[in-house]
Structures are given as structure tokens and as C-alpha cells.
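This briefing is meant to be read alongside the sequence and the coordinates.

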Amino acid sequence: MPSPSAARARRMPWLLSAPALAVFVSLLLTPLVLTGVLSLYAFDGQRGILDTYTLANYIEVFTDTYYLEIFVRTAGMAAVVTLLCVIIGVPETLILSRMRGRWRGIFLLIILAPLLISVVVRTLGWSILLGTNGLVNQIMMFLGITDEPVRMMFTLTGVIVALVHVMVPFMVLSVWATIQKLDPQVEQAGLSLGAPPRTTFFRVILPQLLPGILSGSIIVFALTASAFATPALIGGRRLKVAATAAYDEFLSTLNWPLGATIALVLLVANIIVIVGCNRWVERRFRSVFEG
Amino acid sequence: MQRNGPLALIFHTLFITFILAPLVIIIVVSFTDKGYISMPTDGLSLRWYKAILDARELMSAFWFSLKLGLVASCTAMVLAIPAALAVTRYRFRGREAMIAFFMSPLMIPQVVLGAAFLRFFNIAGLSGSFFWLMTTHVILIVPYAMRMVIAAATGMNREIENAGLSLGASPWTVFYRITLPLLMAGIVGGWMLSFIQSFDELTMTIFVATPGTMTLPVAMYNHIAHTIDPLVTSVSAVLIFGTMLLTLLIERVVGLEKVLIGRG
Amino acid sequence: MSFLSIKGLGKRFGSFVAVDKLDLDVERGEFISLLGPSGCGKTTTLQMVAGFIEPTHGTISVAGKDITSLRAEKRGMGVVFQSYALFPHMTVEQNIAFGLEMRGMSGQAMRIRIGETLSLVRLDGLSHRYPRELSGGQRQRVAIARALAIRPEVLLLDEPMSNLDAKLREEMHIEMRAIQRHLNITTVLVTHDQVEAMTMSDRIAVMHAGRIAQLDTPYNAYEHPASNFASTFLGKTNKFVAQALPPVDESSGRVKVGAHTLETAPYRLQGEVHAYIRPEKIHVQGAGGAGLAGRIQTKLFLGSVWMLEVETELGMIRVNAPNREPVTLNEGDPVTLSWNSRDVQVLPTEEVAHA
């Protein structure tokens with residue numbers, strides 16, 4: 001029979017989360033819905049936002065080569081950055097895991113601390129480094145790699161380098177979290193069964209790290225595809241990605257409906273990538289790991 | 001566990017150099033005595049640090065960001081703590097959905113959030129208000145705050161609360177005397193992380209900031225977008241230094257891993 | 001009238017029945033154990049008595065007062081948790097003081113009570129330490145002290161010794177029992193350790209699948225188990241599938257096991273039955289004597305007993321020979337097994353539903 005305390009227990013969680021729920025529903029859901037609606041409005045260069053509904057914005061975004069080029073560039077950039085983060089991030093995490101306690105803690109701190117520094121500051125540093133007279137060019141000329149300064153600012157290459165710097169800590173975090181869950185005795189079992197260290201690594205350890213590498217890749221890909229500050233500052237006005245294109249529409253062209261459309265496409269793509277890939281990783285690896 | 005060979009250590013050194021390079025170059029350049037971005041080859045100078053004090057816009061943006069961060073993180077904590085308790089202490093239908101809902105700002109591109117808030121403020125006439133800007137930050141940082149408190153709450157031995165009840169304490173007393181003190185490390189860590197996220201926030205804020213509500217990252221971005229001068233480097237150097245201190249503090253109190261992974 | 005009275009107590013989680021119509025009457029000052037394997041519902045029962053879980057049906061009364069719907073913090077029961085659940089942010093003294101503070105005690109009276117309780121569990125001098133600075137055994141004593149300080153009418157112990165090492169556990173059994181006797185507190189212990197239950201209890205409630213299979217003194221529960229479950233859970237036993245035979249007279253029984261006819265303790269059953277004999281009741285001697293012939297398969301020395309596994313026509317029989325003198329027979333030797341027919345118990349094959 002339901003008693004007062006059972007009924008109270010059922011109300012409690014809702015009571016406790018009510019303030020946060022109220023804030024989120026009114027200030028997160030509502031704006032997002034409004035933006036969705038906004039993307040369906042028409043826009044006229046002279047008169048601004050018109051009070052009619054149309055799918056023109058979506059058609060434009062999906063058919064105009066200008067925007068398609070931007071999306072392809074964004075996706076390609078995200079893919080390259082993700083790949084590079086895997087290539088340099090995973091080995092570094094492994095190296096970290098083999099260090100002794102104190103050094104390990106220090107270097108982990110050094111690698112993760114930049115996450116707490118504003119992206120503006122980090123990107124500023126790269127603007128300085130990648131300039132024509134910047135340190136990178138100076139070192140390359142000193143080493144004889146090139147005779148003349150290579151132009152890196154306002155190129156996709158420069159953006160990619162800077163983005164790798166911004167994103168690699170996320171990869172390290174993800175792989176690190178997975179390494180923490182590894183049972184060291186599994187590696188010892190492999191060795192005891194006669195597998196030389198290299199084989200043990202590729203056949204025993206690396207497969208266990210895959211879920212962490214994959215979920216790190218998902219995070220890096222999604223964040224890179226949505227990146228704004230770094231492509232804006234290093235890529236410049238002419239190298240547009242999805243986020244900077246949306247920004248342009250909102251604050252320059254003032255074509256808010258089109259901006260909203262780009263933003264929503266970015267949002268949906270993000271969700272598909274994150275949720276879809278996470279589901280896939282979970283299903284693929286569920287039988288291997290629990291929880 | 002094998003040790004790292006020389007090849008691994010070389011790779012590691014290059015990696016760390018890569019990580020530190022942009023930060024170091026900023027600090028180095030900030031000591032230049034020239035009026036443009038250059039290395040301080042002719043001697044160190046504090047010229048650009050002194051210039052900070054005269055940079056009225058940047059200074060007021062700094063104080064504004066500080067105030068914004070403090071208010072936003074405190075508010076986020078007040079919302080996050082009961083919600084985290086609701087989600088860790090009770091089994092109820094919709095629990096998973098609620099967690100996902102509160103974590104959703106992490107999955108939504110900040111550009112999208114910025115655009116959404118811009119549109120919302122525009123329709124409701126809320127632009128230029130400190131309060132409403134603060135609420136956008138609150139929404140952005142609640143996931144970080146909640147993740148920390150959730151981790152602390154799940155790590156706590158539940159029987160301890162039952163022990164308090166068995167000894168005669170009312171549920172409120174149990175919360176106040178037992179649960180809250182034990183959650184304190186997670187709460188403080190979550191608060192600090194929220195503050196940092198708010199203080200550093202750029203992409204979303206750039207849509208909704210106005211000249212009257214200018215945060216430091218947005219002010220710096222606007223500055224850099226037009227010209228790069230050593231002033232931003234000295235400001236950045238100060239920020240780097242401040243963040244280092246805060247990082248060490250977080251590491252001492254909670255442990256940086258726990259803060260960033262959400263589960264140490 | 002019993003002091004702690006549980007009637008028809010039941011708890012269901014969805015479709016899973018954790019506790020199924022439990023009846024239990026505990027006298028004032030009595031020490032009762034709920035003994036059973038994990039999943040038998042003993043901890044759930046304890047949590048319902050403590051008030052942490054709400055029963056699906058049934059009532060709980062203390063000293064005649066129905067407390068079933070009383071909130072946990074108002075029940076005034078002392079609870080010792082399996083993980084001890086000490087407040088990590090408080091010293092030993094503050095931990096113990098907490099319950100007293102909730103009762104409005106303060107100052108001198110509180111300090112005296114704390115001091116008394118610490119002496120009772122022999123922890124004097126440690127009042128300013130924090131739990132993390134104590135050993136496992138010390139933490140356990142603090143947990144006990146904290147529960148006893150409030151002078152509860154009922155003491156509930158949820159497997160409090162399971163985290164101690166064997167030697168310490170044995171010592172705590174005896175000490176705990178002495179404390180309980182001294183204070184004469186009505187106590188309910190939940191455990192899966194039968195030695196623990198038998199050492200400390202006045203009566204044992206053997207639990208299985210949410211019900212009490214047998215409620216009896218340790219001796220009776222062990223020597224005269226009323227069900228298959230009780231006989232196999234408490235101690236070790238040899239079990240034979242047998243056919244009931246009409247008895248020769250009133251003072252004994254007979255069964256047929258395979259080709260053999262065994263004399264047993266008297267029983268009143270028909271058809272297929274189970275016959276049990278405990279390993280320590282069997283006497284082993286060299287070949288050729290009167291009794292069941294067999295051959296030693298395994299011989300292990302366990303300290304206080306020699307454990308033998310003997311292959312016979314009735315199957316593999318386990319024998320425990322007390323270590324009063326060395327057993328000169330070895331693996332592979334032929335032997336003769338004999339026992340007192342009174343020690344062969346016969347029980348029906350179906351589970352007995354209740355005590």
C-alpha cells in the first residue's frame with residue numbers, strides 16, 4: 001500500500017531537480033526551438049527578416065557550392081585533425097603510462113592544463129608562431145628544410161596545426177581514462193604465455209585501448225567540426241568553416257535565417273556523429289567490457 | 001610495465017614542446033620592448049605589462065569576466081547540487097533522460113548556442129543585460145558542475161547516510177552534517193571548473209556580448225582580429241600564469257584527472 | 001510476550017520476491033541470527049526492521065508498539081553496517097557523539113557516556129583519531145560503540161565481521177557476545193557465516209529464498225535439521241537417496257540405500273527420502289571390522305581433524321576423524337566405517353516450507 005514516505009520518495013528527485021529543469025527548459029530548449037523556427041523564415045537583403053515560412057535556406061545550404069565547399073572543408077579538417085590527434089596522442093599517453101608516479105603526474109598536468117586556458121590565448125600563440133617571421137619558419141629555415149618562409153597563417157595547414165594543439169588533450173584524456181581501467185595483470189598474462197612484448201602490445205593491450213581511442217576520436221571530431229575561434233583567427237576571412245560561416249551570417253550579412261540554418265545543420269551533424277558513433281562503439285565493445 | 005626507451009623519450013620531448021610552444025612564445029614576446037610582435041632580443045622590458053593598466057577596455061572586460069564567472073559558477077552550483085543528488089540518490093523513470101538533458105550543452109556546438117541565445121534575447125529584448133548573459137553562462141557550465149558533484153556523490157558510501165538516520169538524525173540533518181561535508185571536495189572542484197569555463201568562454205559569448213557586457217575573451221578576440229600587438233600577449237601571459245595557479249589549486253583539492261574526466 | 005515481533009513481513013521488488021511472509025518473535029535480551037546464503041533475503045529483512053526499506057506487507061512491533069510505518073530516524077535502533085559506515089570527516093569521539101547529540105545530550109553527560117562506551121569496546125585513548133587512521137578491527141569497534149552509545153532497545157548487525165581476517169573475527173565473536181550479554185540488548189545478526197551464527201546466537205533462523213527454513217537453537221539446528229536446506233547449509237554432511245522401509249520398532253527407523261539396509265533415527269515418512277549422516281559421527285578403522293567396507297580415496301590433514309574421503313558401495317563418504325591420535329591408514333587402504341544409527345537422519349525429499 002502506498003504510504004506517505006513512498007509518495008514523498010517519488011516526488012523528491014523531481015523537487016530537487018526542479019530549479020535546474022526550469023532554467024534549462026526555459027533557457028535552453030526555448031532558444032533552440034526559436035532558432036529552428038528562425039531557419040524557416042525568409043530573408044531579404046533590403047528588408048531583413050520576412051514573416052513568411054520557406055525552405056529556401058535549407059535548399060541553399062545543401063545545393064549552393066559555396067556552402068557545400070564549406071561543409072566539405074569542415075568535415076575534411078575535422079577528419080585530418082582527428083587522425084593527427086590519434087597518431088600523436090595515443091603514443092604519448094602510452095609513454096605517460098609507463099612513467100614513474102611523480103613525472104607522470106607532472107606531465108599529465110602539463111598536457112591537460114591548456115584545456116583550462118582560453119582558446120583565444122592558445123590561438124594567439126599559434127598566430128605568433130606561424131607567422132612569416134614566426135619561430136616555426138625561423139627554425140625550418142635554420143634546419144635547412146626550406147629556403148624561404150612558408151606561408152602558414154591563413155592556410156588550412158596552419159588551422160589544422162593549431163586545432164591539433166587544442167584538441168590533442170581531449171584525446172589524451174580519453175585514452176588515459178581507458179588505460180586506468182586496464183588490468184595490468186592481463187599484460188603479464190600475455191607475457192607469461194610466451195608473447196614477446198611487441199606482440200603483447202599489439203594483440204593484448206592495443207585492442208583494449210580501442211574504445212578509448214574511438215570515443216576520444218568522436219569528441220575531437222565533433223569539437224573540431226564546431227570550432228570557431230581557431231579557424232577564424234588563423235584561417236582568416238577567406239577560409240571559412242561551418243562555425244565561422246554561421247557567425248558571418250549573423251553578425252555581418254545579418255541574414256539570420258540562413259545563419260540559423262547553418263547552425264542547425266551543424267547541430268544535427270554533431271548529434272548524429274556523437275550519438276551514432278557512441279552507440280556503435282558501445283555495441284561493438286559491450287561484450288568485451290562491462291560498464 | 002616496460003620503461004620508456006630513448007625513442008619514446010625523444011617523441012615525448014617533442015610532444016611536450018609542441019604543447020608548450022604557443023604558451024611559451026606568448027610569455028617570451030610579452031617582454032619585448034618594441035611596439036610590435038617581436039622577440040625581446042634587445043633586452044626584456046615590462047613596458048607591455050605596464051600598458052595593461054592603461055588599457056581601460058581590457059581591464060574593465062577583465063573585471064566583468066571575473067564578476068560574471070563568480071556569479072555564474074555560484075548559480076550553477078546551486079542548481080547542480082540538488083539535481084545531482086536527485087539523479088544519484090533516487091531511481092525514477094526518466095532519470096537517464098534527465099542526465100542527458102543536463103549534459104546536453106556539452107554536445108551542442110557553442111556556435112549553435114550562441115545563435116540560439118542571440119535570437120532569444122533579440123525577440124525578448126534581453127540584450128545587454130548582465131543577468132541574462134550570466135544565465136547563458138550558467139547553462140553552459142552546469143554540465144561541468146553536475147558531473148563533478150555526481151562523481152563525488154556516487155563515490156560516497158551510501159550506508160553512511162543510513163547510519164546517520166539510524167542514530168536519530170532527520171534527513172535534512174543528514175544532508176547538512178554528513179552528505180554535504182563529504183561532497184565538499186567535489187563541490188569545490190566543480191565550482192572551480194565552472195568558473196574557469198565561464199571565464200574562458202568565447203564562441204558562444206561572442207554572439208551575445210554587447211559593448212556594455214564585454215567579457216575578456218571577446219575583447220581580446222576583437223583586438224586580435226584587427227591587430228596583433230604585444231598588449232594581448234602580456235594580458236595572455238597574466239592569464240596563463242593565473243590559470244597555472246588555479247590548476248595547481250584544483251590538483252591539490254580534487255585532482256585534475258577527476259575534474260576533467262569526471263571520474264578519477 | 002516477545003520484545004521484537006515480526007509478522008507476515010514481505011518485500012517485493014517488481015516481480016522479484018526478496019522476503020516472503022516472514023514470522024519471527026525475538027525475546028528481550030535474546031541474540032538471534034538470520035543465517036543464509038547471499039540472496040536469501042536476510043539483509044532485506046534487517047533493512048526493513050531498521051526502517052531503511054519499506055515492507056510490501058507485514059508488521060514490525062517493538063515492545064508491543066507497531067513501528068512498521070515509523071521513519072528510520074525515529075526507531076532508536078542501533079545499526080552496525082557491513083562497511084561500518086563511519087563518518088570519515090569526524091573523529092572517533094565525534095562519530096560516537098553524533099547519536100547522543102541527536103538525542104539532546106551534551107556536555108558532561110555526553111562525555112561520560114562516550115567514555116563508558118569506548119571502554120566497553122576497549123578503544124580508550126583513540127577518541128581523537130579519524131577513521132582512516134584506524135585499523136579494520138578498530139573501525140569495527142567504533143561502529144559498534146557508535147550504535148551502542150545511544151543505548152538502543154534493539155541492536156541490528158549486518159554482517160559486521162565479514163571484512164575482518166579470520167583470527168580477528170573469532171575474537172570478535174566472543175567479545176561481541178560478551179558485550180551483548182552484559183548489556184542484555186535484544187540483538188539481530190545477519191550473516192552467511194554459520195560458525196559466527198552458532199557462536200553468538202541464542203537461536204538461529206536459517207533463511208532460504210526469502211523464508212525462514214528453520215528457527216532453533218544452534219545445537220538443534222545442527223543436530224536435527226528440519227529440511228534439506230538446513231542440513232546441507234549448516235556444516236557438512238553426507239547425503240544418500242533412499243527408500244523408506246517400515247521400522248523394526250518405535251525407537252529406530254530403517255531405509256534402503258542401494259543394496260544396503262541402514263538403521264536410522266526414527267522417522268515417519270514414505271516413499272523416496274534423503275538420509276544424512278555428519279562426517280564427524282562416522283568411525284573409521286582398519287578392514288575386516290563390522291560395518292561398511294570402503295577404501296580411502298583422499299586423506300587430508302586439517303589441523304583439528306583428519307578429513308577422509310572413502311569410496312564405498314553407498315558412494316563417496318566424507319569422514320572427519322578427530323586429531324586425538326594420528327590416523328595410520330593411508331590413501332588406498334581398505335577400511336571399515338561404522339556409526340551410531342541414531343545419527344542417521346531421514347528427511348523428505350521436498351523442501352520444507354517453514355519452521
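This is a predicted model: local features need pLDDT of at least 70, side-chain atom pairs count only at pLDDT 80 or more; totals for chains, interfaces and linings use all residues.

**Briefing: spans, cores and an enclosed helix**

Annotated spans of chain B
- The unreviewed UniProt entry annotates as "transmembrane region" residues 7–31, 62–87, 99–118, 130–153, 174–196, 202–219 and 231–250 of chain B.
- In residues 7–31 of chain B, 92% of the span is helix and 0% is strand, with 35 Å between the end C-alpha atoms.
- Ile250(B) belongs to helix H11, residues 230–253 of chain B, and it counts as buried because it has 22 C-beta neighbours inside 10 Å.
- Although 60 residues separate Ile250(B) from Gly190(B) in sequence, their C-alpha atoms are 9.5 Å apart in space.

Nonpolar cores
- The largest nonpolar core has 156 residues, and those that touch the most other members are Met167(A), Ala246(A), Ala80(B), Val142(B), Ala145(B) and Val149(B).
- Helix H3 of chain B, residues 56–89, gives the most to this core, contributing 16 residues.
- Beyond its neighbours within four places in sequence, Ala246(A) is in contact with Gly259(A), Ile262(A), Ala263(A), Leu266(A), Val111(B) and Ala115(B).
- Another core, of 76 residues, lies apart from it and includes Met77(C), Leu100(C), Ile114(C) and Met172(C).

Helix H1 of chain C
- Helix H1 of chain C, residues 42–50, is largely enclosed by the rest of the structure, because 9 of its 9 residues are buried.

Notes: Residues are numbered from 1 along each chain as its sequence is written. Chains are lettered from A and ligands numbered from 1 in the order in which they are written. Helices (H or I, at least four residues) and strands (E, at least two) are DSSP runs, numbered from the N terminus. A residue is buried if 20 or more other C-beta atoms lie within 10 Å of its own, exposed if 12 or fewer, and partly exposed in between; C-beta atoms are placed from the backbone. UniProt positions are given in the numbering used here, feature names are shortened, and annotations may be inferred rather than shown by experiment. A nonpolar core is a set of buried Ala, Val, Leu, Ile, Met, Phe, Trp, Tyr and Cys residues joined through C-beta atoms within 7 Å. Two residues are in contact if their C-beta atoms, placed from the backbone, lie within 7 Å.
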